[in-house]
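Please work through the exercises below with the model at hand. Each task is followed by a solution in steps.

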Amino acid sequence: MSDRRVTGLSAAVIADLVAELGPIWQARRDAELFDRPRRRAVGAGAKYKLVFVDRLLATLVHLRHGVTHDVLACWFQVDRSTITRAVGEIRPLLADRGCRIEGGLRLRTLADVIAHLGATGRTALMDATEIRVRRPSAHRGGRSRFISGKSRINAMKALVVTDERGRPLFCGEVRAGSVADITQARDAGLVDLLADTIDLKILADAGYQGLAAQTYGQVVTPPRKRRGKHLEHLQWLMAHHEAARFAHSSARISVEHGIAHLKNWRALARHHTRRDNLPDTIRAVAGLLTDQQALHPTKALALPATPA
């Protein structure tokens, strides 16, 4: 079960997770036991059939391959409800860790990311990704909120910010699929956060056009098309426009690669569980992915110059 092909993580990363999260999980468990009135003697009652390490492994396999709780219950020889309870306990612990960067630091909020970029002067890449979710029940209102206008499926949308190499810095601010990309960024407080920074560059696609004016040009989007009155002027403008758009897309392609790495974890390729668990799921996967990338760093990509 601890093989990298099963969990998606090396043995060293899993060992670090056990050392980091084990005491936290035990402290929360002890707090729950002492907070409620005790009706039995200390040590009485049913014993755990699934120790913490097995709970962690079951959660990792569930996130990596989308294995159902019934199958995991058969593998670990416990009841399905035990696996459900274990995943519900471990997933928030993984989500609270945030994304790991150089030096072992962790970025947990969008404000942490903006502060880190402002301090280091690096360029970030931003995009939104849609994750297919279950369709709300027919008797519930607001079913159309989850229908994506682009893909025409029931989905939820997560905001993803990566560095120039496509390594996640932030994943979250999950909204319904019908919400526009630029609206999601505004609701996340990006405009207010960038008001206190200078010369910070965040490359984004055409879905964020309009943020440049609100952030003093710190959010860079592809140039818009311009029209000329004469044919020779029009041909020159079209060629210049396509060259500028190609340079911009080449500079921000790494964020697409980062999203693809996130969706290699099957829990994000299609989310089969409850929709309100998706924010914790994507933050947990992003944190685990950055842990693995920290131990096996990839070579820096040769990116073209940032378009003006």
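This is a predicted model: local features need pLDDT of at least 70, side-chain atom pairs count only at pLDDT 80 or more; totals for chains, interfaces and linings use all residues.

**Exercise 1. The protein as a whole**

Task: State how many helices and strands the protein has, and what percentage of its residues is buried.

Solution: 
- Step 1. The protein contains 12 helices and 7 strands.
- Step 2. Of its 308 residues, 43% are buried.
- Step 3. Among contacts in the protein with a separation of 6 or more, 66% are between residues 24 or more positions apart.

**Exercise 2. Helix 3 and helix 5**

Task: Determine how helix 3 and helix 5 are oriented to each other, and which residues make the contact.

Solution: 
- Step 1. The axes of helix 3 (residues 52-65) and helix 5 come within 9 Å and cross at roughly 80 degrees.
- Step 2. Angles of 65 to 115 degrees count as roughly perpendicular; helix 3 and helix 5 are therefore roughly perpendicular to each other.
- Step 3. Helix 3 contributes Phe52, Arg55, Leu56, Ala58, Thr59, Leu60, His62 and Leu63 to the contact, and helix 5 contributes Ile83, Arg85, Ala86, Val87, Glu89, Ile90, Arg91 and Leu94.
- Step 4. Sorted by class, this contact of helix 3 with helix 5 has 10 nonpolar, 2 polar and 4 charged residues.

**Exercise 3. Helix 2 and helix 5**

Task: Describe the crossing of helix 2 and helix 5, and decide whether this crossing is left-handed or right-handed.

Solution: 
- Step 1. Helix 2 (residues 11-35) and helix 5 (residues 80-95) have axes that come within 11 Å and cross at roughly 120 degrees.
- Step 2. Helix 2 is therefore oblique to helix 5.
- Step 3. The crossing of helix 2 and helix 5 is right-handed.
- Step 4. On helix 2, Leu17, Leu21, Ile24, Trp25 and Arg28 meet Glu89, Ile90, Leu93 and Leu94 of helix 5.
- Step 5. The classes in the contact of helix 2 with helix 5 are 7 nonpolar, no polar and 2 charged residues.

Definitions and conventions. Residues are numbered from 1 along each chain as its sequence is written. Side-chain values use heavy atoms; hydrogens and water are left out. Axes are lines fitted to C-alpha atoms, for helices over the stretch in contact, and angles run from 0 to 180 degrees between N-to-C directions. Helices (H or I, at least four residues) and strands (E, at least two) are DSSP runs, numbered from the N terminus. Angles under 35 degrees count as roughly parallel, over 145 as roughly antiparallel, 65 to 115 as roughly perpendicular and the rest as oblique. A crossing is left-handed if the near helix is turned anticlockwise from the far one by less than a right angle, and right-handed if clockwise. Contact means heavy atoms within 4.5 Å. Ala, Val, Leu, Ile, Met, Phe, Trp, Tyr, Cys and Pro count as nonpolar, Asp, Glu, Lys and Arg as charged, and the others, Gly among them, as polar. Buried means under 20% relative accessible area, exposed over 50%, partly exposed in between (1.4 Å probe, protein chains only).
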